[in-house]
Amino acid sequence: MRIIMLGAPGAGKGTQAQFITERFGIPQISTGDMLRAAVKAESELGKQVKQVMASGGLVSDDIIIALIEERVKQPDCKNGFLLDGFPRTIPQAEALKNQGIDIDYVVEIAVEDEEIVSRLSGRRVHEGSGRIYHVKYDPPKTEGKDDVTGEPLVQREDDQEETVRKRLEIYHEQTAPLINYYQEWAKKDPASAPKYVRVEGVGGLDDIRDQILTKLK
Ligand code: AP5
(Lines give C-alpha, C1' and ligand atoms only; values in the text may rest on other atoms or scores of the structure.)
Protein backbone atom coordinates (compact mmCIF):
# COMPACT_ATOMS: atom_id res chain seq x y z
CA MET A 1 0.00 0.00 0.00
CA ARG A 2 1.49 3.32 -1.08
CA ILE A 3 -0.35 6.42 0.05
CA ILE A 4 0.07 10.19 -0.31
CA MET A 5 -1.57 12.49 2.26
CA LEU A 6 -2.54 15.84 0.80
CA GLY A 7 -3.90 18.90 2.58
CA ALA A 8 -3.11 22.29 4.04
CA PRO A 9 -0.74 22.69 6.98
CA GLY A 10 -2.67 21.62 10.06
CA ALA A 11 -5.39 19.78 8.12
CA GLY A 12 -4.65 16.66 10.16
CA LYS A 13 -2.36 14.72 7.78
CA GLY A 14 0.07 13.68 10.51
CA THR A 15 -2.74 12.82 12.94
CA GLN A 16 -4.56 10.57 10.46
CA ALA A 17 -1.26 9.16 9.14
CA GLN A 18 -0.66 7.64 12.58
CA PHE A 19 -3.92 5.63 12.29
CA ILE A 20 -3.42 4.60 8.66
CA THR A 21 0.18 3.43 9.04
CA GLU A 22 -0.81 1.38 12.08
CA ARG A 23 -3.66 -0.27 10.17
CA PHE A 24 -1.56 -1.18 7.13
CA GLY A 25 1.76 -1.83 8.90
CA ILE A 26 3.65 0.66 6.73
CA PRO A 27 6.11 3.43 7.68
CA GLN A 28 5.05 7.08 7.84
CA ILE A 29 7.48 9.19 5.85
CA SER A 30 7.08 12.77 6.98
CA THR A 31 9.36 15.19 5.15
CA GLY A 32 8.63 17.78 7.87
CA ASP A 33 9.79 15.38 10.62
CA MET A 34 12.89 14.40 8.61
CA LEU A 35 13.84 18.05 8.11
CA ARG A 36 13.15 18.98 11.75
CA ALA A 37 15.41 16.09 12.87
CA ALA A 38 18.17 17.41 10.58
CA VAL A 39 17.79 20.91 12.04
CA LYS A 40 17.95 19.53 15.57
CA ALA A 41 21.07 17.48 14.75
CA GLU A 42 22.65 20.58 13.17
CA SER A 43 23.65 18.49 10.13
CA GLU A 44 24.63 20.09 6.80
CA LEU A 45 21.05 19.57 5.59
CA GLY A 46 19.69 21.05 8.82
CA LYS A 47 21.81 24.18 8.42
CA GLN A 48 20.62 24.57 4.82
CA VAL A 49 16.90 24.34 5.63
CA LYS A 50 16.61 25.90 9.11
CA GLN A 51 15.86 29.45 8.03
CA VAL A 52 13.36 28.64 5.30
CA MET A 53 11.41 26.29 7.60
CA ALA A 54 11.24 28.79 10.46
CA SER A 55 9.84 31.40 8.07
CA GLY A 56 7.18 29.03 6.70
CA GLY A 57 8.69 28.77 3.20
CA LEU A 58 9.25 25.60 1.18
CA VAL A 59 12.59 23.81 1.02
CA SER A 60 13.89 23.48 -2.56
CA ASP A 61 12.50 20.68 -4.72
CA ASP A 62 15.99 19.24 -5.38
CA ILE A 63 16.72 18.70 -1.69
CA ILE A 64 13.33 17.15 -0.95
CA ILE A 65 13.25 14.90 -4.01
CA ALA A 66 16.72 13.49 -3.18
CA LEU A 67 15.60 12.88 0.41
CA ILE A 68 12.51 10.91 -0.63
CA GLU A 69 14.28 8.99 -3.39
CA GLU A 70 16.75 7.68 -0.79
CA ARG A 71 14.13 7.03 1.92
CA VAL A 72 11.75 4.88 -0.15
CA LYS A 73 14.64 2.54 -1.04
CA GLN A 74 14.99 1.51 2.61
CA PRO A 75 13.96 -2.09 3.48
CA ASP A 76 11.03 -1.01 5.70
CA CYS A 77 9.32 0.41 2.59
CA LYS A 78 9.15 -2.90 0.73
CA ASN A 79 5.44 -3.42 1.54
CA GLY A 80 4.53 0.22 1.05
CA PHE A 81 4.70 3.57 2.80
CA LEU A 82 2.71 6.69 3.54
CA LEU A 83 4.06 10.03 2.33
CA ASP A 84 3.10 12.84 4.71
CA GLY A 85 4.06 16.27 3.35
CA PHE A 86 5.34 15.08 -0.03
CA PRO A 87 4.73 15.93 -2.84
CA ARG A 88 4.07 19.59 -2.15
CA THR A 89 4.70 21.03 -5.61
CA ILE A 90 3.98 19.87 -9.17
CA PRO A 91 7.72 19.24 -9.85
CA GLN A 92 7.85 16.98 -6.76
CA ALA A 93 4.83 14.99 -8.03
CA GLU A 94 6.40 14.73 -11.48
CA ALA A 95 9.67 13.47 -9.94
CA LEU A 96 7.77 10.71 -8.16
CA LYS A 97 6.10 9.72 -11.43
CA ASN A 98 9.37 9.85 -13.39
CA GLN A 99 11.11 7.65 -10.83
CA GLY A 100 8.42 5.02 -11.55
CA ILE A 101 7.13 5.07 -7.95
CA ASP A 102 3.48 4.03 -8.31
CA ILE A 103 1.04 5.30 -5.73
CA ASP A 104 -2.22 3.50 -4.84
CA TYR A 105 -4.11 6.31 -3.13
CA VAL A 106 -4.00 10.08 -2.72
CA VAL A 107 -5.95 11.05 0.42
CA GLU A 108 -6.98 14.71 0.61
CA ILE A 109 -8.06 16.15 3.97
CA ALA A 110 -10.00 19.38 3.33
CA VAL A 111 -10.15 22.10 6.02
CA GLU A 112 -10.86 25.86 5.78
CA ASP A 113 -8.05 28.34 6.50
CA GLU A 114 -9.55 29.97 9.61
CA GLU A 115 -10.04 26.59 11.30
CA ILE A 116 -6.37 25.84 10.56
CA VAL A 117 -5.11 29.03 12.19
CA SER A 118 -6.97 28.30 15.42
CA ARG A 119 -5.98 24.61 15.35
CA LEU A 120 -2.27 25.14 14.95
CA SER A 121 -2.02 27.50 17.91
CA GLY A 122 -3.10 24.55 20.12
CA ARG A 123 -0.84 21.90 18.59
CA ARG A 124 1.81 20.28 20.77
CA VAL A 125 4.30 17.65 19.61
CA HIS A 126 6.66 15.09 21.11
CA GLU A 127 9.92 15.85 19.35
CA GLY A 128 11.47 12.40 19.67
CA SER A 129 8.63 10.44 18.04
CA GLY A 130 6.64 13.09 16.15
CA ARG A 131 3.48 12.18 18.12
CA ILE A 132 0.90 14.95 17.78
CA TYR A 133 -1.56 16.36 20.33
CA HIS A 134 -3.91 19.32 20.64
CA VAL A 135 -4.48 21.11 23.93
CA LYS A 136 -8.26 21.02 23.40
CA TYR A 137 -9.17 18.47 20.70
CA ASP A 138 -6.63 15.72 21.41
CA PRO A 139 -5.01 16.38 24.80
CA PRO A 140 -2.33 14.16 26.32
CA LYS A 141 -3.26 12.15 29.43
CA THR A 142 -1.03 14.41 31.55
CA GLU A 143 -0.90 18.09 30.60
CA GLY A 144 2.26 18.96 28.65
CA LYS A 145 3.63 15.38 28.68
CA ASP A 146 3.91 12.70 26.00
CA ASP A 147 1.59 9.71 26.70
CA VAL A 148 4.26 7.09 25.97
CA THR A 149 7.51 8.52 27.35
CA GLY A 150 6.27 11.20 29.77
CA GLU A 151 8.71 13.63 28.13
CA PRO A 152 7.70 17.28 27.68
CA LEU A 153 5.68 18.34 24.64
CA VAL A 154 6.74 21.40 22.63
CA GLN A 155 5.12 23.97 20.36
CA ARG A 156 6.59 24.13 16.84
CA GLU A 157 8.35 27.37 15.95
CA ASP A 158 6.39 27.62 12.68
CA ASP A 159 3.01 27.41 14.50
CA GLN A 160 2.98 31.17 15.30
CA GLU A 161 -0.06 32.82 13.66
CA GLU A 162 1.93 34.99 11.24
CA THR A 163 3.98 32.02 10.03
CA VAL A 164 0.87 29.83 9.74
CA ARG A 165 -0.74 32.46 7.47
CA LYS A 166 2.37 32.47 5.27
CA ARG A 167 2.35 28.65 5.09
CA LEU A 168 -1.31 28.77 4.04
CA GLU A 169 -0.53 31.30 1.32
CA ILE A 170 2.22 29.05 -0.04
CA TYR A 171 -0.08 26.04 0.24
CA HIS A 172 -2.71 27.71 -1.98
CA GLU A 173 -0.08 28.83 -4.52
CA GLN A 174 2.09 25.74 -4.78
CA THR A 175 0.48 22.70 -3.19
CA ALA A 176 -3.28 23.07 -3.83
CA PRO A 177 -2.70 22.71 -7.63
CA LEU A 178 -1.84 19.06 -6.87
CA ILE A 179 -5.53 18.44 -6.16
CA ASN A 180 -6.37 19.20 -9.76
CA TYR A 181 -3.21 17.40 -10.96
CA TYR A 182 -4.23 14.08 -9.35
CA GLN A 183 -7.95 14.43 -10.14
CA GLU A 184 -7.25 15.12 -13.83
CA TRP A 185 -4.78 12.24 -14.04
CA ALA A 186 -7.39 9.90 -12.50
CA LYS A 187 -9.95 11.04 -15.10
CA LYS A 188 -7.61 10.74 -18.10
CA ASP A 189 -5.83 7.54 -17.21
CA PRO A 190 -7.51 5.70 -14.33
CA ALA A 191 -5.38 2.59 -14.90
CA SER A 192 -2.09 4.32 -14.05
CA ALA A 193 -3.32 7.09 -11.73
CA PRO A 194 -3.61 6.77 -7.95
CA LYS A 195 -7.20 6.54 -6.69
CA TYR A 196 -8.33 9.90 -5.28
CA VAL A 197 -10.01 10.01 -1.87
CA ARG A 198 -11.32 13.24 -0.32
CA VAL A 199 -12.63 13.68 3.21
CA GLU A 200 -13.78 16.73 5.14
CA GLY A 201 -11.23 17.20 7.91
CA VAL A 202 -13.55 18.87 10.41
CA GLY A 203 -15.14 16.73 13.12
CA GLY A 204 -14.02 14.01 15.51
CA LEU A 205 -10.63 12.40 14.89
CA ASP A 206 -12.18 8.92 15.00
CA ASP A 207 -14.95 9.80 12.50
CA ILE A 208 -12.42 11.14 10.04
CA ARG A 209 -10.21 8.08 10.56
CA ASP A 210 -13.18 5.73 9.88
CA GLN A 211 -14.14 7.61 6.72
CA ILE A 212 -10.59 7.33 5.38
CA LEU A 213 -10.12 3.67 6.29
CA THR A 214 -13.46 2.75 4.67
CA LYS A 215 -12.39 4.42 1.43
CA LEU A 216 -8.97 2.74 1.44
CA LYS A 217 -10.39 -0.76 1.30
P1 AP5 B 1 5.30 19.70 7.73
O2 AP5 B 1 5.80 19.22 9.02
O3 AP5 B 1 4.95 18.71 6.67
O4 AP5 B 1 4.09 20.69 8.01
P5 AP5 B 1 2.67 20.89 7.28
O6 AP5 B 1 2.37 20.27 6.00
O7 AP5 B 1 2.58 22.35 7.29
O8 AP5 B 1 1.74 20.07 8.08
P9 AP5 B 1 1.56 20.08 9.56
O10 AP5 B 1 2.47 19.07 10.20
O11 AP5 B 1 1.64 21.50 10.10
O12 AP5 B 1 0.04 19.66 9.69
P13 AP5 B 1 -0.76 18.30 9.57
O14 AP5 B 1 -1.68 18.35 8.42
O15 AP5 B 1 0.15 17.11 9.68
O16 AP5 B 1 -1.66 18.44 10.86
P17 AP5 B 1 -1.62 17.67 12.26
O18 AP5 B 1 -2.06 16.26 12.10
O19 AP5 B 1 -0.34 17.93 12.97
O20 AP5 B 1 6.35 20.71 7.06
C21 AP5 B 1 7.02 21.70 7.80
C22 AP5 B 1 7.95 22.49 6.90
O23 AP5 B 1 8.94 21.62 6.32
C24 AP5 B 1 7.30 23.18 5.70
O25 AP5 B 1 6.74 24.42 6.04
C26 AP5 B 1 8.51 23.30 4.74
O27 AP5 B 1 9.36 24.35 5.12
C28 AP5 B 1 9.24 21.99 4.97
N29 AP5 B 1 8.79 20.90 4.06
C30 AP5 B 1 8.21 19.73 4.44
N31 AP5 B 1 7.92 18.98 3.36
C32 AP5 B 1 8.30 19.70 2.27
C33 AP5 B 1 8.23 19.46 0.87
N34 AP5 B 1 7.71 18.33 0.37
N35 AP5 B 1 8.72 20.43 0.04
C36 AP5 B 1 9.26 21.56 0.52
N37 AP5 B 1 9.34 21.85 1.84
C38 AP5 B 1 8.87 20.93 2.72
O39 AP5 B 1 -2.83 18.45 13.02
C40 AP5 B 1 -2.70 19.81 13.38
C41 AP5 B 1 -3.31 20.05 14.77
O42 AP5 B 1 -4.74 19.87 14.68
C43 AP5 B 1 -2.84 19.05 15.85
O44 AP5 B 1 -2.72 19.71 17.07
C45 AP5 B 1 -3.96 17.98 15.89
O46 AP5 B 1 -4.05 17.39 17.18
C47 AP5 B 1 -5.19 18.83 15.56
N48 AP5 B 1 -6.22 18.10 14.82
C49 AP5 B 1 -6.05 17.14 13.86
N50 AP5 B 1 -7.25 16.73 13.39
C51 AP5 B 1 -8.20 17.47 14.06
C52 AP5 B 1 -9.63 17.52 14.01
N53 AP5 B 1 -10.34 16.74 13.18
N54 AP5 B 1 -10.26 18.41 14.83
C55 AP5 B 1 -9.55 19.22 15.68
N56 AP5 B 1 -8.19 19.20 15.76
C57 AP5 B 1 -7.53 18.34 14.97
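Contact means that heavy atoms lie within 4.5 Å. The structure is a predicted model, in which local features need pLDDT of at least 70, side-chain atom pairs count only at pLDDT 80 or more, and totals for chains, interfaces and linings use all residues. Residues are numbered from 1 along each chain as its sequence is written, and side-chain values use heavy atoms, with hydrogens and water left out.

**Exercise 1. The nonpolar core**

Task: State how many residues the largest nonpolar core has, and determine which residues Tyr182 is in contact with.

Solution: 
Step 1. A nonpolar core is a set of buried Ala, Val, Leu, Ile, Met, Phe, Trp, Tyr and Cys residues joined through side-chain atoms within 4.5 Å. Buried means under 20% relative accessible area, exposed over 50%, and partly exposed in between (1.4 Å probe, protein chains only).
Step 2. The largest such core has 53 residues, and Leu83 and Tyr182 have the most contacts inside it. Helix α8 (residues 177-188) gives the most to this core, with 5 residues. Helices (H or I, at least four residues) and strands (E, at least two) are DSSP runs, numbered from the N terminus.
Step 3. When neighbours within four places in sequence are left aside, Tyr182 is in contact with Ile4, Leu6, Pro87, Ala93, Val106, Pro194 and Tyr196.
Step 4. In soluble globular proteins, nonpolar side chains tend to be buried together.

**Exercise 2. The ligand shell**

Task: Describe which residues surround the ligand and which polar atoms lie beside it.

Solution: 
Step 1. The ligand is surrounded by 35 residues (a heavy atom within 4 Å), of which Thr15, Gly57, Arg88, Arg123 and Arg167 are the closest.
Step 2. Polar contacts are pairs of N or O atoms within 3.5 Å; within protein, one must be able to donate a hydrogen and the other to accept it, and residues adjacent in sequence count only if both atoms are side-chain atoms. A polar side-chain atom of Lys13 lies 2.9 Å from a ligand oxygen atom. For Arg119, a polar side-chain atom lies 3.4 Å from a nitrogen atom of the ligand, and for Gly201 a backbone N or O atom lies 3.4 Å from a nitrogen atom of the ligand.
Step 3. Of the 1,000 Å² of accessible area that the ligand has on its own, the protein covers 97% (Shrake-Rupley method, 1.4 Å probe; for residues, only the protein chains shown count as cover).
Step 4. Helix α2 gives the most to the shell, with 4 residues.

**Exercise 3. His126 and Gly150**

Solution: 
Step 1. His126 is buried at 4% relative accessible area; Gly150, at 37%, is partly exposed.
Step 2. The two residues are 24 apart in sequence and 9.5 Å apart in space, C-alpha to C-alpha.
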